[in-house]
Amino acid sequence: MQLQWYYFASLIFVFLTLFFYRSRSQSSRYRFLLFLTGVNAIAYVVNWWYFYIRRDSIFTLLPLQLCNIAVFLIPTALIRKSALLMDFVFYVCGLGALAAILIVSTDYQDTYSMMTISFYIFHFSIFIIPVFNSIWGFHPLRPTVKSAIKLTLMVLAVSGSLHLFNLYLNHFHAIPANYFFTIKDLSAGTNAAFTLFASWLPYDYIYLWVAIPILYLYMGIVAIIVTRKSKPRLRVERR
């Protein structure tokens, strides 16, 4: 499936948003972020509905996937101004959402169906809201080894708990639950990234650990960008 037009529209949206809000107040920017969380929630519900009418089991549609959780975490982080939660949605949820729209699941074969449109808006919002939040200064990005360890422990705790829940539903109720995509045989056939990970580590849950170094790489790239952006400011201050 080709999503080039989606990517092009996304770039235009980002450019126009940054241009329009370049001179706006922080309160105006904050209200826009909250508006985007509303759009994100609506897109999530629409996307969920299409899985429901496809007759997927309701027990596989609980809001327990990473990006489902982000729908609730992002407004919570914005309202509470929690640095830890915002780190989680920026680095973990944002990276996962970006991967989802770049390496698309086989569920979205029809490029311009409402199911695909809602999927794209839902996931793109999860990626871009934390980005805007950081660009506009609400959440300064300071990736450190300590923050990387905290995020890793959070991911392992949540994914490990959900893997046990998946095993329970699969083995005792024959429900193909796959929250956080921890069951490799249910994931590999639907997404090229999961297929690759499973070929490297052919074990349920453990195969996803390949994503941890990718998370560290992402945080490292962000750290380099932040450091380079801060250097000119330091020079001005020294003068």
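1. Just after α6, A174 takes a positive phi of about 55 degrees. Helices here are DSSP runs of H or I with at least four residues, numbered from the N terminus. This is a predicted model: local features need pLDDT of at least 70, side-chain atom pairs count only at pLDDT 80 or more, and totals for chains, interfaces and linings use all residues. Residues are numbered from 1 along each chain as its sequence is written, and side-chain values use heavy atoms, with hydrogens and water left out.

2. R55 also has a positive phi, near 70 degrees, and is not a glycine. R55 lies in the loop between α2 and α3. Its relative accessibility is 76%, so R55 counts as exposed (exposed is over 50% relative accessible area, buried under 20%, partly exposed in between, with a 1.4 Å probe and protein chains only).

3. Y205 is another non-glycine with a positive phi, about 70 degrees. Y205 sits in the loop between α8 (192–200) and α9. Its relative accessibility is 14%, so Y205 counts as buried.

4. α6 has 29 residues and spans 41 Å from first C-alpha to last, close to the 42 Å expected at 1.5 Å a residue (1.5 Å times one less than the number of residues). Its buried residues are S147, A148, L151, T152, V155, S159, L162, H163, N166 and L169.

5. How do α4 and α6 pack? Their angle is about 80 degrees, with the axes 11 Å apart (axes are lines fitted to C-alpha atoms, over the stretch in contact for helices; angles run from 0 to 180 degrees between N-to-C directions). α4 and α6 are therefore roughly perpendicular (65 to 115 degrees). The contact, meaning heavy atoms within 4.5 Å, is made by L84, D87, F88, Y91 and V92 of α4 and S147, K150, L151, M154 and V155 of α6. These residues divide into 7 nonpolar, 1 polar and 2 charged (Ala, Val, Leu, Ile, Met, Phe, Trp, Tyr, Cys and Pro are nonpolar; Asp, Glu, Lys and Arg charged; the others, Gly among them, polar).

6. The largest nonpolar core holds 58 residues, and F88, Y91 and I126 touch the most other members. Such a core is a set of buried Ala, Val, Leu, Ile, Met, Phe, Trp, Tyr and Cys residues joined through side-chain atoms within 4.5 Å. Elements giving two or more residues to this core include α2 (26–53), α4 (83–102) and α6 (145–173). The largest share, 12 residues, comes from α4.

7. Not counting residues up to four places away in sequence, F88 touches L66, L73, C93, L151, M154 and V155. A second, separate core of 6 residues includes F197, Y207, L208 and V210.

Terms used: Angles under 35 degrees count as roughly parallel, over 145 as roughly antiparallel, 65 to 115 as roughly perpendicular and the rest as oblique.
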